[in-house]
Structures are given as C-alpha cells and as structure tokens.
Amino acid sequence: MSSLSRVFAAPTVHEVADRASAPSAPLSAPACPGEREPVVPPPEPTASWPASPAERTGPWLPDGPTGLGTSAARALLPLPAESDRPAPGPEAGPAPEGGPRPGDPIPGLYCPPAVPADPAKVAEVDRRLEAWAHDLDLFPPEWAGDFAGFQVGRAVVLQHPAAASLERLVVAGKLLVAENVVDDCYCEDYGGSPIGLGGRLIIAQSALDPLHTADGYQRQWHEGLGADAPLRSYADAMRAFREIASPSQVTRFVHDMARLHLGYLAEGAWAQTRTTPPVWKYLVMRQFNNFRPCLSIVDAVDGYELSEPFYSRPEVQRVTALACNATTLVNDLYSFTKEMAVDEHHLNLPVVIAAEDRGGLKEAYLKAVGIHNEIMHAFEDESAVLAARNPVLARYTTGLAAWVAGNHEWHHTNTYRYSLPNYW
Ligand SMILES: CC(C)=CCC/C(C)=C(\C)COP(=O)(O)OP(=O)(O)O
Ligand SMILES: [Mg+2]
C-alpha cells in the first residue's frame with residue numbers, strides 16, 4: 001500500500017461496506033480511473049425533526065446562547081444541554097510584540113486551528129493538478145509562478161482533512177483552479193472586466209449546466225466550450241465532479257455556481273457605475289460572490305451525501321451560509337493590502353465600512369474583524385445545535401468547520417499572495 005494510502009482517514013463501517021462492492025484498490029488511487037465511485041448513501045436519519053410547523057414553536061424553548069441568529073436556531077430546534085456542546089475554539093490571541101510577522105494570523109481574528117496538511121498528499125495533488133492544467137492549456141508559461149504560488153494542493157488538503165480519497169481531493173482542486181481561472185480571466189486580474197461580463201458568464205454557466213437543444217446547435221455549443229481556458233477548465237472539472245457526486249449534489253453545486261456568477265455580476269455592475277454600496281448591500285453581494293461552491297462539496301469530497309431534504313432545511317441553509325460568509329470575509333481581510341495596491345476603490349469589507357462610517361481604513365479593518373468574528377461564533381453556536389441532533393448533520397457541519405479552518409490557515413500562511421496591513 002503506498003504511503004499516501006495510509007494518510008487517509010480510516011473509513012467508517014458503511015463506507016467500507018460500500019467500497020467492498022468496488023474493485024479492491026488502495027485508498028490513494030481511484031477504484032478504476034474514470035469509473036464512477038459510488039456515493040455512500042447516508043444512514044437513515046433519526047426522526048428528530050419536528051413533524052410540523054406547530055411543533056416548531058413548542059414550549060421547549062430553553063435558555064441558550066444569545067447573539068446573532070440564536071433566535072432562529074431556538075425557534076426551530078431544542079438547544080442541547082450546555083454539557084453536550086463542544087468547547088468553543090481558542091479565542092483569538094493579541095498581536096505579538098512588534099505586530100504580526102509574515103504568515104501570522106490577523107490579531108483578534110477568531111478561527112479554530114486547521115488539521116495540518118500532509119506534505120506527501122499536497123505534493124501529489126499539486127502534481128496531478130499541474131498536469132491537468134497543462135493538458136487543458138489553462139494558462140501561459142508566464143502564469144506558472146502564480147499557479148505555484150496559489151498552492152492549490154495545500155489549499156484543498158487543508159480544506160478537506162477527511163477527504164475519502166486522493167482522487168476526490170484532486171476533483172476539489174480542479175474545481176478550485178477552474179473557479180479562480182474564470183474569476184481572474186473574466187472578472188479580474190488577468191484581463192477581466194465588468195464590460196460584457198454577463199455574456200461570458202452565461203456561457204461559462206452552461207459548461208456546468210449543459211445546453212439541451214436542436215442537434216446542430218448542440219454541436220456548436222459543445223465545440224464552443226473549448227474556446228478559452230475558463231470554459232475548458234469549467235467543463236472538465238465539472239465532468240470530474242459528476243463522476244464522484246450524486247445527481248442532487250451536482251444540482252446543488254450548479255445552483256451554487258449560479259449564485260457565484262450573480263455575485264460577480266453585482267460586483268462588476270458596481271465597478272462600472274463606481275458605486276460604493278452601504279455595508280449591508282456589500283454583505284449581500286459577498287454572500288453570492290463567495291467561497292460557497294467550495295464548501296457545498298464537502299460531503300461529496302468526504303465520500304458521503306447530506307441528502308437534499310436535510311440540506312434544504314432552513315437551519316442547514318443558514319449554518320452553510322454563515323460558514324461561507326465567514327470564510328469569504330477572511331479573504332477580504334487577508335487580500336486587503338493586495339487589492340488596495342491595485343485599486344484603492346476595490347470593494348472589500350473594510351473599504352465599504354470606511355465609506356459608510358466616514359472613518360479611516362484602520363478602524364474599518366478592525367471593525368471588519370469583529371463582524372467576521374460575530375458571524376463565526378453564530379456559525380459555531382448554531383451548527384452545534386444541529387450536530388447534537390443528527391449524526392449526518394454532525395458530519396456535515398464538521399466538514400464545513402474544517403473547510404473554514406483550513407481556508408484560514410491557507411490564507412494566513414500564503415505569503416506569496418497575501419500580506420497584512422501594519423495596523424498593529
Ligand atoms: C474559489 C472560489 C469559489 C472563488 C469564488 C469567488 C472568489 C474568487 C473569492 C471569494 C475570492 O475573492 P477575491 O476575488 O477577492 O480573490 P483574491 O482576494 O484575489 O484571493
Ligand atoms: Mg479578495
């Protein structure tokens with residue numbers, strides 16, 4: 001068994017049963033290249049959900065956590081006893097003497113630690129992704145430094161510590177590369193522009209959500225998906241995702257990518273009209289222009305499925321959005337200096353706070369850290385309520401929390417892409 005096989009989390013009983021039906025192969029290699037790996041059906045959930053709306057407002061509303069969102073959680077589910085709830089993560093520490101050093105986390109930013117990334121796994125994922133990107137001709141040689149500097153392999157290994165196989169990690173990496181290629185080439189750094197963005201993004205969406213039409217035009221559409229690197233990357237990454245995901249997980253992802261593209265269009269519209277929105281409107285846009293497509297695949301990458309009836313419940317949608325918003329605001333905070341260096345009007349949370357408060361960027365930045373922390377605590381409080389009620393939701397919310405922690409680790413240690421302002 002290769003050394004890589006030993007680093008994957010030992011599968012639980014039902015996953016082993018599932019794999020017993022597949023051809024025997026070490027964990028580190030797909031059962032059979034290109035063969036669709038079975039998605040492990042979740043165990044039947046215990047009937048712990050109130051049967052009807054009337055039950056949701058029963059007398060059992062105990063005292064529990066207060067703050068953002070707890071009223072929503074309390075209205076829907078009984079809160080677990082304090083002893084049931086996991087201890088909160090370590091509170092953010094103060095700034096080190098002389099301020100944070102390159103690679104240090106933002107002082108005062110609250111985020112639990114990530115599972116350390118196994119270097120062997122990172123190297124193998126990077127090797128496979130680089131070969132894939134080269135085969136699809138995704139970027140010219142002059143971008144090779146930025147590709148290496150992005151550290152995609154380290155990102156997905158940190159974000160998915162319970163990934164069921166190396167192949168599933170590589171699929172997450174292909175999607176991450178494709179999402180950034182589209183953002184860079186269509187919207188931002190590499191020739192992107194808000195002008196005509198809608199026309200480019202609608203074809204990009206069809207690389208995920210196929211056209212169904214008359215044969216002749218169907219063929220033209222299929223040929224059109226090879227026209228540029230963004231389209232090629234979306235089409236091939238999506239093909240790979242369809243091989244490891246269930247139909248409902250695919251539909252979930254396609255929906256989340258449409259949300260992402262709507263967020264790109266809003267950001268582009270405000271750039272065209274030079275609009276600096278009020279903070280609340282910016283937070284709406286950032287809930288769509290968001291890492292959500294990465295978090296919504298955590299069950300597929302970990303080899304199980306949070307079934308659609310569970311995933312669609314309002315309280316599950318809420319904790320998913322809270323996790324996605326917290327991790328995207330982390331990007332605002334770590335990419336702040338990079339974005340300000342390019343365009344002082346680039347929209348991010350500190351910029352819109354400073355405009356609304358008519359204050360300085362430093363005060364706005366520190367206020368943005370507080371907003372992130374409030375969202376992060378709400379995510380932890382409310383997902384603890386869900387996790388205490390159902391093992392599948394416990395696994396799902398653990399996966400969300402791991403993605404949030406891993407992505408924070410990737411951001412604060414990626415000194416090639418990011419650096420902190422001298423605010424401490
Ligand atoms: C990976 C993924 C789904 C990205 C979608 C949206 C996106 C590019 C981000 C949330 C990152 O934000 P931003 O455009 O500010 O990227 P950088 O700050 O340049 O890393
Ligand atoms: Mg950013």
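First, a term: a cavity here is a set of points, on a 1 Å grid over the protein atoms alone, where a 1.4 Å probe fits but cannot get out, and its lining residues have an atom within 4 Å of a point. Helices are DSSP runs (H or I, at least four residues), numbered from the N terminus.

Some housekeeping. This is a predicted model, in which local features need pLDDT of at least 70 and side-chain atom pairs count only at pLDDT 80 or more, while totals for chains, interfaces and linings use all residues. Residues are numbered from 1 along each chain as its sequence is written, chains are lettered from A and ligands numbered from 1 in the order in which they are written, and side-chain values use heavy atoms, with hydrogens and water left out.

Now the cavities. Searching the whole structure gives two of 30 Å³ or more. For volumes, grid points are joined across faces, edges and corners, and the volume is the space filled by probe spheres set on the points. The largest cavity comes to about 450 Å³. It has 30 lining residues, and N180, D183, R286, F291 and N331 are the closest to its centre. In that lining, α8 has the largest share, at five residues. By class, the lining holds 11 nonpolar, eight polar and 11 charged residues; Ala, Val, Leu, Ile, Met, Phe, Trp, Tyr, Cys and Pro count as nonpolar, Asp, Glu, Lys and Arg as charged, and the others, Gly among them, as polar.

What takes up the space of the largest cavity? Ligand 1 does, where sitting in a cavity requires more than half of a molecule's atoms to lie within 2 Å of its grid points. Around ligand 1 there are 19 residues, the closest being R286, K338, E339, R417 and Y418; the cut-off is a heavy atom within 4 Å. The helices that each supply at least two residues of this shell are α8 (166-187), α12 (247-272), α17 (314-334) and α18 (336-342). Of these, α8 gives the most, with four. The shell divides into six nonpolar, six polar and seven charged residues.

From an oxygen of ligand 1, the distance is 3.0 Å for N331, 3.1 Å for S335 and 3.3 Å for D183. Ligand 1 taken alone exposes 510 Å², and the protein buries 98% of that; areas are Shrake-Rupley with a 1.4 Å probe.

The second largest cavity has a volume of about 50 Å³. Its lining is V156, Q159, H160, A172, L175, L176, E179, C294 and I297. The lining contains six nonpolar, two polar and one charged residues.

Last, a pocket, which is an open set of points with protein on both sides within 12 Å along at least five of seven lines. The second largest pocket holds about 610 Å³. Of its 22 lining residues, A271, D343, H345, H346 and L347 are the closest to the centre. Here α12 gives the most, five residues, and α18 also supplies at least two. The classes are eight nonpolar, seven polar and seven charged.

Conventions
A polar contact is a pair of N or O atoms within 3.5 Å; within protein, one must be able to donate a hydrogen and the other to accept it, and residues adjacent in sequence count only if both atoms are side-chain atoms.
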